[in-house]
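Morning, everyone. I have one structure to go through, and I will keep it short. Please have the sequence and the model open.

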Amino acid sequence: MRKKKILQALCILGIFSATILSGCGSSASNNTGNNASTKDTNSTAATGTNDSTNTTAPKDDAKPVKLKLGMWEAKTDIEFWTEKVKEYSKIKPNVSIEVETIPDNSGQYLKVRLAADDLPDLMYLKPAHFQIYKNSLLPLDELKAAKSNKFPGVIDGQTLGLPLVSFSEYVYYHPSIFQELNLTIPQTIDEFVNVLEKIKESKKYIPLALGGKDDWTFYPFSEFGPHVLSKDEQYQANLANQAEPFGPGSTFETVANLIKKIADDKLAGPDALGIGYDQATQLFQSKQAAIIALGQWYYADHLAKVGNEDDLAAFPMPWRTSASDPLPNMTLADQYVSISKNSENADEAKAFLEWMFSPEVYQPYINTLKNTSTVEGVTSDLPFFNKSNQEAPFTPFIYDATNERFAKVKAAAQYDEKKTAADIFSGKKIEDVEKALNASWKKAVESVK
Amino acid sequence: MSYKIQQRWVIFSFLFVPVSLLLLFLVYPTLQLFHYSFTNWDGYSSSKSYIGLDNYKQVLFEMPDAWKSIGNNGLYFVIHTLFIPLELMVAVLLNRSIRGSSLFRFTILMPYVVNGVAVAYMFSYIYYPINGPLNSLLTSVGLESWIHGWLSDLKLVNFSLVAVSLWRYCGVHVILFLAGLQSIPQDLYEAAAIDGAGFWRKQLYITLPGIRRVVEIILFMNVTGALLQFDIPFVMTGGGPGVSSSTFGLFSLFTAFKFNNFGLASAMAVVLLCLIIVFSSIQNWIIKDRSGN
């Protein structure tokens, strides 16, 4: 009887131990051909003929491969690639591609995956994030797609990502309102403010739609403004070497004054900090607001919501003080596709990347997104922006957000251009903001070797 | 095998799983938290360097925004604390046999049951400046002058958020008080009534001592809830405008993920842990039973 009890106790203990040990054990053996977690996926695996290929053994004995393509929640991208990758599985029956949604494009989710050494095989990255991921990305220099890309993401001499899109920043407006109020496209910052003032005087429209509750919506002003006004494409790199760059005479202060003017004169409506991006775009789309400043990427969103572009036009933000100066306009590449160094199917991932950027795949993609092509020989069909650019020609000002030292100093100083803009907009004194920024920036510059 | 050894085996086997889980999911992460707080780990690199107490120095002496965030947490704490007597009064009223008290009890707990993010979204809509329900209500009763930027006015935003927190958490406090009140034997009240005690004397000498444990729990929940406040400001304002409505938890999150400084964020978490311990201890000392019983 006693022995029986002991045996029972040992059995229970054994079961518990086995459960815990199996739970804690490595799952590597179960992940053959797939180094990424299956959690949080869009479960849009383009298995196509793959399942049958697996079960019936492919004629060429090719190993079944499953690749994960991680992209943030850009609806048009997700819809396009979810359908398109099915074609790839027809070309390569042993390869299936799973489009995985990355919940945020600020990189927080992927950073956790990076720390856990669990990056998707291919993923979208922002140029500013290359410094974080650079040691985990595969160099792509030898790829044909890299050679034909206009804006390859080159870090420390190696191409680590290829952008799918490039775009410029625009100020969208309703031509009917401009016509009604007898306004013309502003050529300088002062003229831009005058236009806003005149729209306000009409008391019919909110001059500028701004969703300040989502502080990222300040980026055309606070992130790009000081950069373009400096006329220096290496502005960020230089900023990282200055102890106190936020003060009188700086381009930061010029933009800060503009933001303060918009706030104080209620040029963005009665409570721009109380509404978010969605509400701001609704105000613009319903013609309650006359102007909205966003990137080229907004155009597709506007078409989807409004259904036409009948009362829509755009001009570049006039970041200059004299109309006789050249007009620079922030132009940047985005949605860089990179390959994880730890992908178990790096060669297949490279082949898939080549396919993504091949003209027959890339052309419909760029047409769908209404952005500018990044591939030599592939042109985007953008009549709306071609017309805008003819009416208000500009010089592209290329945004370089990949400087390592700037990224480190900015993080150490906990500097967020958009939050700073919201601070100023909410009524904080510019000199106080500058004083605090300079203090933290100086410490950060000294601490980052 | 002796009976004593058998007993030990049984105890060991039963304790093995819970203790293992405790070590794995509580003790180990806490130790790691302390470990990271002495490093400059960025959250993703395989290497990290020990930097001694630098992170603590930075949190305590070089981060005014962090202390502003703590101040915002303090506002949640103070206002919630001021509402505790009111919550007790509501519980006392609901404890009496009045018509519809069961419906009230259910209704008052409802906000706590609703998902916090949903609550935050709901109030975002209520505070919406263009045709939002709150502004519409004020307009309809002729109080247009009371309309403000509920989530954009620097002086008002934290009060708007605390109001949401009160709406959500007061109900659960009332229910806990109610449970405490119902655990007090009725014969104590009857004996007091025979001795001629009135309503207020009964509350002072029977009810309050009888619910001391519940008060301790509620005060502890109040401290932890206020200092760990996160979801409401995160969803409704993102800590904005700027960092005006940021709480310490939100500030730590941004430090860790947006600015890639897990070491500093870990030090913040340790500071927060210490604050919770200190405040809870002070509260417990204040309401300690000094009657000698």
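Predicted model: local features only at pLDDT ≥ 70, side-chain atom pairs only at ≥ 80, totals over all residues.

Chain A has 449 residues, and 46% of them are buried. Its secondary structure comes to 20 helices and ten strands. If we take the contacts in chain A between residues at least 6 apart in sequence, 77% of those join residues at least 24 apart.

Is A:Val65 buried or exposed? The cut-off for buried is 20 or more other C-beta atoms within 10 Å. A:Val65 has 22 C-beta neighbours inside 10 Å, so it counts as buried. In sequence, A:Val65 and A:Ile97 are 32 residues apart, while their C-alpha atoms are 8.5 Å apart in space.

In the contact between them, domain 1 of chain A supplies nine residues and domain 2 of chain A supplies six residues. On the domain 1 side, the elements giving two or more residues are helix H5 (130-133) and strand S4 (153-155) of chain A. That side of domain 1 divides into five nonpolar residues, three polar and one charged.

Next, the contact between the chains. How many residues does the contact take from chain A and from chain B? It takes 30 residues from chain A and 30 residues from chain B. On the chain A side, the elements that give two or more residues are helix H1 (2-24), helix H4 (108-115) and helix H19 (417-425) of chain A. H1(A) gives the largest share of that side, eight residues. By residue class, the chain A side has 15 nonpolar, six polar and nine charged.

That leaves chain B. Helix H1 of chain B, residues 3-37, has 35 residues. From first C-alpha to last it reaches 47 Å, close to the 51 Å expected at 1.5 Å a residue. H1(B) bends by about 40° at B:Phe16, and a proline, B:Pro18, follows within four residues. The number of buried residues in H1(B) is two of 35, so this helix lies largely in the open.

On annotation, an unreviewed UniProt entry lists "domain: ABC transmembrane type-1" at residues 69-283 of chain B. In the model, that span is 75% helix and 0% strand, with its end C-alpha atoms 22 Å apart. The unreviewed entry also places "transmembrane region" at several spans of chain B, including 9-28 and 74-94. Residues 9-28 of chain B are 100% helix, and their end C-alpha atoms lie 25 Å apart. Residues 74-94 of chain B are also 100% helix, with 30 Å between the end C-alpha atoms.

Last item: helix H13 of chain B, residues 262-286, has 25 residues and reaches 36 Å, close to the 36 Å expected at 1.5 Å a residue. Among the buried residues in H13(B) are B:Phe262, B:Gly263 and B:Leu264. What do the buried residues of H13(B) pack against? They pack against H1, helix H2 (54-61), helix H3 (64-95) and helix H12 (248-258) of chain B.

Note on methods:
Residues numbered from 1 in each chain as written. Chains lettered and ligands numbered in written order. Contact = placed C-beta atoms within 7 Å. Nonpolar A, V, L, I, M, F, W, Y, C, P; charged D, E, K, R; others polar. Expected span 1.5 Å × (residues − 1). Bend = angle between axes of the 7 residues up to and from the residue. Buried ≥ 20, exposed ≤ 12 C-beta atoms within 10 Å, placed from the backbone. UniProt positions renumbered as here; feature names shortened; annotations may be inferred.
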